[in-house]
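Welcome to my notebook. I am setting down what I looked up, one entry at a time.

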Protein chains: 2
Amino acid sequence: MSKFILPPKEGVPFVSVQAMAKMIHDYGVEQCIADLVDALEQDFLRWEQFEKSSRFASHSKDGVIELMPVSDGEMFACKYVNGHPINTKRDLQTVAAMGILSDVDTGYPILLTEMCILTALRTAATSAMLAKRCAPKGAKTLALIGNGAQSEFQALGMKAVVGISEVRLYDVDSTASQKTADNLADSGLNVVICRTVEDAVAGADIITTCTADKKNATILRDGNVKKGIFINAIGGDCPGKTELDGNILMRADRVIVEFEPQSRIEGEIQQLSPEFPVIEFHHILKGEVSARESDDDLVIFDGVGFASEDFTALVFLRDLIREQGEYEVLDMITQQADPKNLYSVVKDHSVTPTIAIA
Amino acid sequence: MSKFILPPKEGVPFVSVQAMAKMIHDYGVEQCIADLVDALEQDFLRWEQFEKSSRFASHSKDGVIELMPVSDGEMFACKYVNGHPINTKRDLQTVAAMGILSDVDTGYPILLTEMCILTALRTAATSAMLAKRCAPKGAKTLALIGNGAQSEFQALGMKAVVGISEVRLYDVDSTASQKTADNLADSGLNVVICRTVEDAVAGADIITTCTADKKNATILRDGNVKKGIFINAIGGDCPGKTELDGNILMRADRVIVEFEPQSRIEGEIQQLSPEFPVIEFHHILKGEVSARESDDDLVIFDGVGFASEDFTALVFLRDLIREQGEYEVLDMITQQADPKNLYSVVKDHSVTPTIAIA
């Protein structure tokens, strides 16, 4: 099948927020995350094929703007994403993201899309993919610390892929916990709103931390964490932004990362020495290193989000819109008959409207 | 005036190829380049305010895909651009480019646009800005070696800003020269098609090389170049892609670059030792270094294209579409009432079409 959704000369398919929401709604969030886990596994198994680099980050007083490029030699993906927790006070979103997928042979864009919803899905799928291997056997209870934009996706992913049946919610903002509980009311999950972190983590097999503040915080103290569990720490993803007490990392049996050079800069491990031992996840997926050796092991995923996960999500979306057709077509690339005659596009400009709804 | 074209919640303005072509046609190519020179000068004068980095480049067998990010602390710009000379054999364009301009305070995109036409304009403006200072006094004759997509814009920029009256064209593909001559027939320029490089450069005050092949070529041999002229060498812009005989650089009185770290990798000077002396253009603009000291000086601009030039062009475009209104609106950012309730966008998805033509 062609890499292209449309022949390159017909324009660039664009997936709007509305189109994304409709497609994912119809597909089902749990099914989508489960299928994304399969796709992520296929791509992490061919880790060496990706041209990898730490993301580009432009930090400012209240936020960060990032570019996350990656290529597998066939296709090139890049996500533009910001993180501005202060935006919630301005009635704006914390994250505005867009993605581009391109054909390496021609350099032509294949797809342009909103990427806020898609990022939530791929992040939940990455967490579920890790938990599938790193959570203790028969894990049933998830503590979810931080009940913002990611929380429902995280809960549903852990249900669909790991089989958890109870979610214990905690957030400094209790209305956020209530929002998450309301959204999960029909999910089949037993949802418990907790007043303290201690209450939330009581009996949890998996603890997910996904808070948004851009600072070094201690969302989980050492005393909160017992042996034998899996911590999915995904909120710390910038220099100066961490969630875990460093002592938890020090006594963990495994600290797993995506792409070590980026995680050293952005992850929880930025608190520790550059020699602190970590394991890149692809080694676990390939069976080169075990995820855990005993029921008592404390295993931590220090997740920051890596470009190859966006690559996987963009290719997944490309295939999805082939079936569902929910896209517009952008007139983004000049189409003069003679490629060397770019000037003719301006000289003989046509006023024909070229936007089309597919 | 607000940085935003539209209030952030109304969507992201998008400028299509057709919209760009119409606006630039109505504005006039020469006027546009002249005004871009003014804007570029303002931005090069505040060079220190930009957060600068060499562009990200993903090279493949037949081409390159690049990202060019830059920020001035108020706005962030990034261009996606490829270079695939082989595409002309596939009836596709060599370059497909798009640009994004964002607000640093919120991380929200202000503008998304085609950037193939805009790049040709900003490249011609950058060349003209350099020639305005570096060409010999009273320069009237331009030799244009390489008559592809950039050539008309280069010729018109040198006419509007430097006052040249004759263009001498040379290309290994004579149909390309004929195309350029046809496009410039009504420009007021005296256009001469030449059969050899030697013929083209005879009597030229300015030589512009803008060829596309991704290889180390010798478009200009040492014997082609006399003293006292200005060479605007802009085609060599990748590792392994150069145009000038290294001896020409060695005997030049000045070799001027945009951003030295990037030019060391990509420019003509990649042929020479890392210690070969170059001057960043902003020093000349600020009067810290003279562009030339005598009529006999040989001055070379080793131009590779820098992200701040795209920044300038994107801000120029933002102001232009405020006046001309030629844009569509993309539904690119989620707009749920509670920023923490991203899940609601999928759960309660609306099927209301949100694309609008402004």
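**Entry 1: terms and numbering.** I call a crossing left-handed if the near helix is turned anticlockwise from the far one by less than a right angle, and right-handed if clockwise. Helices (H or I, at least four residues) and strands (E, at least two) are DSSP runs, numbered from the N terminus. This is a predicted model, where local features need pLDDT of at least 70, side-chain atom pairs count only at pLDDT 80 or more, and totals for chains, interfaces and linings use all residues. Residues are numbered from 1 along each chain as its sequence is written, and chains are lettered from A and ligands numbered from 1 in the order in which they are written.

**Entry 2: α3 and α10 of chain A.** I began with a right-handed crossing, that of α3(A) past α10(A). Helix α10 of chain A covers residues 307-324, and α3(A) packs on it at about 115 degrees with the axes 10 Å apart. Axes here are lines fitted to C-alpha atoms, for helices over the stretch in contact, and angles run from 0 to 180 degrees between N-to-C directions. From α3(A) I listed A:L118, A:L121, A:R122 and A:T126, and from α10(A) A:E309, A:D310, A:T312, A:A313 and A:L317. Residues count as in contact if their C-beta atoms, placed from the backbone, lie within 7 Å. By class I found four nonpolar, two polar and three charged residues in this contact. Ala, Val, Leu, Ile, Met, Phe, Trp, Tyr, Cys and Pro count as nonpolar, Asp, Glu, Lys and Arg as charged, and the others, Gly among them, as polar.

**Entry 3: α3 and α4 of chain A.** Next I followed α3(A) to helix α4 (residues 151-162) of chain A, where the axes come within 8 Å and cross at roughly 40 degrees. That angle makes α3(A) oblique to α4(A). For this term, angles under 35 degrees count as roughly parallel, over 145 as roughly antiparallel, 65 to 115 as roughly perpendicular and the rest as oblique. The crossing of α3(A) and α4(A) is right-handed. On the α3(A) side the contact includes A:A120, A:L121 and A:A124, and on the α4(A) side it includes A:F153, A:L156 and A:V161. The contact of α3(A) with α4(A) has 11 nonpolar residues, three polar and one charged.

**Entry 4: A:I117.** I then picked one residue of α3 of chain A (residues 116-134), A:I117. Is A:I117 buried or exposed? With 26 other C-beta atoms within 10 Å, A:I117 is buried. The cut-offs are 20 or more other C-beta atoms within 10 Å for buried, 12 or fewer for exposed, and partly exposed in between, with C-beta atoms placed from the backbone. Beyond its neighbours within four places in sequence, A:I117 contacts residues of chain A, including A:V17, A:M20 and A:I24, and of chain B, including B:T334, B:L342 and B:V346. I also noted that A:I117 and A:Q150 are 33 residues apart in sequence and 9.4 Å apart in space, C-alpha to C-alpha.

**Entry 5: the two chains.** I superposed chain B on chain A by a rotation of 180 degrees with 0.0 Å of shift along its axis (RMSD 0.0 Å). The two copies are thus related as by a two-fold rotation axis.

**Entry 6: a loop.** Last, I looked at the loop between β4 (75-83) and β5 (97-103) of chain A, the place of A:D91. Most residues other than glycine have a negative phi. A:D91 has a positive phi of about 65 degrees although it is not a glycine. A:D91 is exposed, with 12 other C-beta atoms within 10 Å. A:I86 is found in the loop between β4 and β5 of chain A too, and counts as partly exposed with 17 C-beta neighbours inside 10 Å. Leaving aside neighbours within four places in sequence, A:I86 is in contact with A:D62 and A:G63.

Note on methods. Two residues are in contact if their C-beta atoms, placed from the backbone, lie within 7 Å. Copies are superposed by least squares on the C-alpha atoms of residues with pLDDT of at least 70 in both.
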